[in-house]
Structures are given as structure tokens and as C-alpha cells.
Amino acid sequence: MDGAAADGFDPASGPHQPVFVIEGVSKLYRTGEVEVRALNGVDAVLYEGELTVLLGPSGSGKSTLLNILGGLDKPSEGTVRFRGRELSAFSERQLTLYRRDHVGFVFQFYNLIPSLTALENVALVTEIARRPMKPEEALERVGLAPRMDHFPAQLSGGEQQRVAIARAIAKRPEVLLCDEPTGALDSQTGIRVLEALSAINAELATATAIITHNAAIQAIAHRVFTFADGRISEMRENESRVSPSEISW
Amino acid sequence: MTALDRKVLRDLGRLWAQALAVALVLASGVATLVLAMGAYRSLDETREAYYERYRFGHVFAHATRAPDSLIVRIAAIEGVAAVEGRVVESVLLDVPGLEAPATAIAVSLPDHGEPSVNRLYLRTGRLPEPGRPDEVAVNENFATENRLSPGSAISALMDGVKRTLTITGTVLSPEYVYALGPGSLVPDNRHFGILFMSRRALGSVFDMEGAFDDLSLRLLRGADEQSVIAALDLLLAPYGGTGAYGRKDQLSHAFLDGELTQLLAMARIIPPIFLLVSAYLINMILSRLIALEREQVGLLKALGYSGLQIGVHYLKLVVVIACVGVVVGFAAGTWLGAGLTRLYGEFYSFPFLIFQWSVGTYLAAGAVGIAAAVVGALRAVHGAVALPPAIAMRPPAPPVFHHISFDVFGRLGLFSQLTVMALRHLWRWPLRAALSALGTSLAVSLLVVALFSFDSVEFMVDMLFFQSDRQDATISFAHARPPAVREAVLQLPGVMAAEPFQAVPVLLRHGHRERRLAITGKPMATDLSRVLDLDLQPVVLPETGLVLSERVAAILDVQRGDLVEVELLEGHRRSVRVPVAEVIQSYLGLMVFMNLEALWKLTGEGPRVSGMHVAIDEAKLSALYAAVKETPVVGSVALLDATRLKFRETIEQNMLVMTTVYVVLSVIIAFGVVYNSARIQLSERARELAGLRVLGFTRWEVSRVLLVELAIVTVLAQPLGWALGYGFAYAVIAGFESDLYRVPFVVERDTFAVASLVVMAAATASALLVRRRVDTLDLIRVLKTRD
Ligand SMILES: Nc1ncnc2c1ncn2[C@@H]1O[C@H](COP(=O)(O)OP(=O)(O)OP(=O)(O)O)[C@@H](O)[C@H]1O
Ligand SMILES: [Mg+2]
């Protein structure tokens, strides 16, 4: 598996630096007497410009890993390095700047601010980002421009999810972490969203990780990680990637 | 405007009802402080200015008859700025339309120019012309109460001669802000007045031509009052001087001062309680409100906002709320304070009012309010920021419920599953339930504080007038009489019983402590006017020695058995050492009693009485009044019935305003707190409740879960509220104690009941409002997002 990580990314598309180096990462959750091992010794490397799809049964630890990569949580054991700097050693302030400047996150539960409109939810991020696109543009990319003045409660689940995606791509992030971005979408809208994500991935060489339960989506990835019981049980490279427009479900 | 600032506005819009309720809670706290301090400062300032502009005297003295030539020598005393020698005599009046006799003090006005001390403010008409014995100006209150105006005529018994006087004008005097008749505890402006007459006219009536019997003087700035008094006493001694005294012992000033001190005590105790309680409450409410935002804090953090930025964001929200509260509090407090000042100003008949607002009070009240809000918000934000965003963004983990005994009830079918759910929820978050209960109980306690003073006053009125002073009237003689006068008094129509008393002005001294007081001599056991201890038991005066009230004992630092030096201020002016026979606890402050016969021995002037307490047959009241109006020996008559009414009226009128303000503010606080608790509970549980609705429970069933919780918390809060209220009330009473009296500490059960009823009404209203929200709960919306 280590070997796969080292040379796993298609060198043909240019010289690519590792963005994340994950070594022996475990995560324990303790609630009262119950102890849950959400991650159990994960090793992996994610590269610049690479699009990774994470698959695996519910509860296998996908979201947990993504949260750790996004600086939203800390591993109980092991290390994660972001461009050579150890993430788990970051101070609170460094973590804040890391999240602000480098990471675009699409949360599994869309997590919009209910009292802000779609546009304002996106603006929330562009206002503090370094080189953002205009919030309108980000919404345009996910096909939501006509609904930008609506509040989350006035949007469908899928629309809310697209706002969340627009919010993630609006800052032109170096790292794009998406937790089930298409979970609530029909195939047509889902494909549109995936196109937006892969466009950012291609334009900015963003290291992109997408969690999904939809096996069809793995076709657009450079690599596919499969999770089971807190580990990466399988890591597969796609011989031939297809563009999002070519898949359907 | 940034998206976050927009969120502040939207959140305010969304939470407006709650925000307003919180703001009003704070406003009430701020308003109490501002109004009480404002009214006190304004009245204090007004009094000061009044005294200065109308040259209120600093030192006062009486003599039997001193030649006018003495004035020059008095003016030469070092430190004296101005002297006014006057004729001041007591007269009995027959006022048209007033059946009972009225008493008045006639004060002379100089025949040329204005008095150099104690100037008059002319309200209507003009001053009497020099030398006109039939013209008088009267104090405004007396005129108003008796519907007298310039041109009205009254008849007076002056030095045994009946005269008809014409009123030329109504006036105000700094010397009689508080016009207290002899033997009265409260001003009775209907039966007691002040007449101002030409010096020449009054002098000839009382045989005081070229002489004076009363003196007022003003001191130079920085002059030593004590040495002036000593020098003055020396000069007046040969002319029957009874000892000069300063403002501290001037009746009107002492009472006014006592009232202002009490107002200050009130301002220092009740408003801070209100302010601190409201500060605590908004701290608690805002902290709970922000705690609800945990997920959003997590999200903002996940999006790259720093803890500081998030903190500032929520601070903006609460500071806006707090500022609204503070500003409303300032406005309401200023307005109420001005109203109160006007009311008191009218009561004291100040000729003008000066409104004085202390910037410090505003700053302090504003700072406390805003700080409380800020601390509350930061506490909650800190709690959420400290969590890793991944955790904060999840809805709080479903709690681990323990199987507790409620389940047994559930299984037994005693309570429905829904009730068990409510109980279990309370049990699961005991701290949260306890805080809600504490908030509600503080509201109860404020009401107790606001309401209880009525109980104490009722008790006091009963104690003073129905237990202690049971006479129907007190007749004071113009000059002390031999005890045989009792027979004559008993001969008056309608008089059924008469008890003599003698009041002897003295200077009590112990070590270097001294105090000017009057010893009241009474027969050993009395039935009408009784001396009572704190248990309302009559005190039997020992055969010899002084009986001091606790307050006097404290002032002189004496105990039972100690010797006190008694300097007589009238007659022989000798000093005698008298043992303290007893120190009694009493509700009245500066009291010194002595057995009448022992007092006669002490004065060495033989048996004398100053007056009689009498019981009257009401049927013969008119005949008695008519007789008294014709009886030259009677100096004044104080009617207890009138006093009783007046006392209650005065105190209750003053208190009613204050109390109404405090009650209204406590009701606002109670409603604000309970409403917010209920709303927050609803927010905390909206998802769960919406879930129940989706499962098919009816609106009523769902809101019952919430209402049961609310009801339990409200009921639990009551006893705690009573206990807190009792404690606060005790602190208030302790602050009220003055030289004049100790306010009994009485809290009736009714007060607790009313406080509880008000809060429960507030809770019911809140419950109904919140229930409406449950009814209109937008299920989809709640399950999708969070309100
Ligand atoms: N805060 C937490 N406290 C306790 N246990 C947790 C917590 N977060 C996650 N877990 C547990 O850790 C395990 C992995 O969770 P995770 O969310 O990573 O799964 P997942 O692979 O994303 O599943 P899904 O596909 O359903 O989203 C699960 O068993 C979950 O219950
Ligand atoms: Mg997940």
C-alpha cells in the first residue's frame, strides 16, 4: 500500500507534489463507557491536482478522516502533514489560517447559516479568503444563480448542498474536501456539481477528495480509496478516467 | 456590510421578541438605579439651593424674653454672618369650615425689609403690612388644605385674646419645609399652620415690644458651629435661653433630612438589587441563547473564522440588545426620576426644582448591564469555540438517559410517556433546570422586595396608633401647668380620660458624647399613650432613672446602670447625673422616658405637666372642639385620628409611587425571564418536538411536554423566590433604620402569594405565547434547519 501511495498518481500529467502525507492515523471517540475506534491506522498520500474518491460502508470512518484533513478535528494517534508541515501540531491560530486559506469543505450535513441567504452564505467565505471568486460566480457554477437570494429554509436539500459546494469552491482552495456532495442530488444536477468540482480541480490543481456512496462516481477519480472498519482496505488507480458528463446513475 | 454583520441583524430580527424581553429586563434594572439616584440627587440639590437662596439659618435658639439690643452682641460673635431676632408664639385657630381647632405658630416678620435669615417665598398675594395686627401670611399647604386664599379671614386665640385675621398671601419658608405641629409624627397641614405677622403687631400682642423670644442665625463659611452655639448660650442664658442648636436638631430639617436619607438608603439598596438581578438574568439568558448557536459557531470556525472574530460577532448581537436595554433604562429612569422628583417636590412644597442627574449613575448602570451581557455571551461562545469544529457542528450528542424511577410511573401508567419524557429531560439537565428555576425565583424575590414595605408600614401604623398611642387627642398647653389642670381637662365636654405628660428639653451627655433630646415624663403605668417594646408589651417605667431607647443608648454609648449627665435646657439649667434604669428596644428611634414624679424631682420646679393625652367620647366631639377653641390655656391640640389618617396617607402615597414603579419593573423582569426561559427551552428542543409531531402526536400533546417542564420549573422556583425575597427585604429594612424610627420587618404571607401569583401569571402568558409557536411549528423547516 505504501508503494501505491508513493507512485500512485499519474506522473504523465506533470510533476505533482504530495499535499497530504497521512501516517498511522487513528481516531478514538469516547462517550461515557463506550469507545468507538473511528479510524484505525490509516496511511495515505494525496497529491496536488489529484481527484480522489473515498468509498466505504456507513460508519467506516470516511468523514472522520476528511474532518482531520480539513483541520476540523485532531487524530488520536499518527500524523498528518500538509505540504510537509505537521497539521496535528498546528496551534489554534495556525489551524484557523489553514482552514481559511487552504481548505474548501463540503460538509455531509450541508451546514448553512439559516439566517443568511445563499449568496451571503457564500460571501461569508469569500470575505475572508485571499483570492476568491465572486460569490455570484460560485453559485453560477453550481447552477444556483437564480436562487441566490433565498434562505436555506426556502431551498431544497439538493439546493442547499449546492450552496455548500459553491461556498467551498468560491475561495479557489488548494484542498477541496467533499463529504457526499451529490448525496441528495438527481443524476443530472449531480453531474453538474461534479463538473464544477472537477473544473476547480483541473484549473487550480486542487487536491480533491470526494466521499460518496455512489459507485458510479468513482469513474471520474484518479484514485479510489475504499474504507472498511476504520482502515483503507483498498486503494485503486483508475486506468482511464472519464469526465463527469460521461457518467450517469 | 459583511455577511456576518448581516447575520447579526437577521438574528436580531428573528429573535426580536426574546431580544426585546431581555432588553426590557435590563432596562428595568438600569431604570431603578437611574430613577432612584436621580430623584435623590435632584431633591438633595433642590433643598441645598432652596436653603441657600432663602437663607435658611444654621443655628436656632429660643429664650423667654431677650432685649433687641442683644442682637448686636450676637452678631459680633465670631463666625456669625446674619442674625434675626423674632417673636415666635403658638396660637390656636378657628378656621372656617374646620370643626376641630387648628394650631399654628405665629412668626414675626421684620417691619423693614426682608428677614436676613429664613426668607419667605411669596406664592400668592402679598406680605402683611408693618404694624397691621389683623394681617397674616400663611404657609401655602395650610392655605391649600383649608381652602384659604388672600382675603380669607380666620379667627385666632392669641395670648387669651380672640382676634380676626385677614390672610394677605401664601408663602413658603425653608424653615418649615416640613411643618410639624407639636406632638405630631407627620405633617398635618389641615390642622397645623404657620402664620407670618408684622413684628410690631405680634410684639404688641405678646408683650414683646423691643424684645425677641426666638432667634435664627447664619454662619460664615467655615465657622465653627459648636463655638458659636456656646457663645450664644452664654449671651442668652440670662434671658431664659433654652440652649441653641444646629440644623441637625431643627425639626423641619431633621425630618426632611431623615426622608432624604431614607430615599438614599432606598436608592442604595433596592436599585442595586434590581440591577444586579437583571444583570445576572440577562447574563444567563444570553449565554443560553448563544449556547444554542453551538453548531453555527462550529461552522464559522470550520470555514476559517478565528475564535476572536466569532466572539466579536456574537458580542455585537448581545451588545446591541444590551444597549437597547440600557438606553431604554436611561430614558425610563430619567423620566420616572423626574416624575418622582416633581412628586416629592410638591409634597415638600419646594418653590422650585433642580434636576440633577449624576453621570456616574448612568455610567455605572450602563457598564454593569453591558458587562453582564458581554460576559454571558463570551462564556457561551468560549464553550463552543473550545470544541473542535467537527464536534461543535454536530447536534449535541443525544444524551445517555438513565433509567430512573419516572419510568416506573410511566409503566404503571400514572404519567403518559410524554410526561415521563418531560421529567426525564429535567432530570437529565439538572443544572439547566436549576438555572431556569433560579431565574424565575429571582423574579419572585424582586416582587417580594417591591411589595413587602406595605406590610411593614401597616404594622407600624397599627403599632404606633392602635397599640402605643391609643389616645384620641393630645392637648398641649402653651405653658407648663400644675397637675391639677387634669381636673379642668376632664371637665371639658366629651373627655373621658386624661393622662398627663411632661416634655423637658435636655442635653444628655456621657463622656464626650452628647445629644439634645426631650425627656418625656409619664405616670408609671399608662393606658392611653404607652411605651412598648419590640414585642409590643407595655413597659412599666421604673420609679427612678431614665428609660432609653436602644438608639439613644447607642448614640450615648451607655448601658443599663451607667450614669448619664442630664443638663436641663429650661428653667434652672442645672446638670444632674441620672442612672439609666432600662434600655428598651422600640420601633421609635430617639426616645427618653422617665417616671413623671421622678422627672419633677429632677427639674426641681415642682409638679408640672406639658399636656394631656385624652380619650374622647366621639358623640360630644363638636362640643369639645368648640370648648377648646375658647380655652386660653390650650396651646395646641393634636388629633390622633387625623394624624393616623395623615400618616397612612403620607407614607402610603410616597410609597405607593415607589412601590408601583418597582412592582411594574419586577413584572417586566418576571415576564422577560420566564418568556425567555420558555423560548430557549423551545429552541433547545424544537427538533425533538417536531420529530414527535411527525410521529403523529397532536399539537397539544407535544406542547404539553414543554408546558409540564415549564410548570415544574415555575413551581420549584416559588419557595426559593420567597427565601431570596425575604433575604433581600431584610437587607432593605436594615438600610431604612434611622434616628427617627426603625421600620419593623414584617413580610405577610399575602406578599409572597401576590409575588407568586404575578410570576405564575407571567409564566402562563409566556407558556401561551410559546405554545402558539409550538402550534405553528414549521415541521419541515425545523427538521431542515434550526431556529
Ligand atoms: N463525535 C463522535 N463521537 C462518537 N462517535 C463518533 C463521532 N463521530 C463519529 N463517530 C463514530 O465513528 C465512526 C465513523 O464515523 P464516520 O462519520 O467517519 O463514518 P462515515 O464513514 O462517514 O459514515 P457515513 O457514510 O454514514 O457518513 C462511526 O461509528 C461513528 O458512529
Ligand atoms: Mg460520513
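Phe671(B) sits in helix H19 of chain B, residues 640-694. Helices here are DSSP runs of H or I with at least four residues, strands are E runs of at least two, and both are numbered from the N terminus. The model is predicted, so local features need pLDDT of at least 70 and side-chain atom pairs count only at pLDDT 80 or more, while totals for chains, interfaces and linings use all residues. Residues are numbered from 1 along each chain as its sequence is written, chains are lettered from A in the order written, and side-chain values use heavy atoms, without hydrogens or water.

Phe671(B) counts as partly exposed because its relative accessibility is 28%. The scale is relative accessible area with a 1.4 Å probe and protein chains only: buried is under 20%, exposed is over 50%, partly exposed is in between. Beyond its neighbours within four places in sequence, Phe671(B) is in contact (heavy atoms within 4.5 Å) with Ala762(B), Ala765(B), Ser766(B) and Leu769(B). Ser636(B) is 35 residues from Phe671(B) in sequence, yet 53 Å away in space, C-alpha to C-alpha.

Now take helix H21 of chain B, residues 749-775. Its 27 residues should span 39 Å at 1.5 Å a residue, and the end C-alpha atoms are 38 Å apart, which agrees. The expected span is 1.5 Å times one less than the number of residues. Buried residues of H21(B) include Phe752(B), Val759(B), Ala762(B), Ala763(B) and Ser766(B). An α-helix has 3.6 residues a turn, so residues three or four places apart point the same way.

Thr714(B) belongs to helix H20 of chain B, residues 699-736. Thr714(B) is buried, with a relative accessible area of 8%. Leaving out residues up to four places away in sequence, Thr714(B) touches Thr440(B), Met760(B) and Ala763(B).

Next comes the interface. Here 29 residues of chain A are in contact with 27 residues of chain B. The buried area is about 2400 Å², and carbon and sulfur atoms give 62% of it. Buried area means the accessible area (1.4 Å probe) that two parts lose on being put together, summed over both. Three salt bridges link chain A and chain B; each pairs a side-chain nitrogen of Lys or Arg with a carboxyl oxygen of Asp or Glu within 4 Å. One of them joins Glu120(A) and Arg10(B) at 2.5 Å, N to O. On the side of chain A that touches chain B, the elements giving two or more residues are helices H3 (92-102), H4 (118-126) and H6 (157-169) of chain A.
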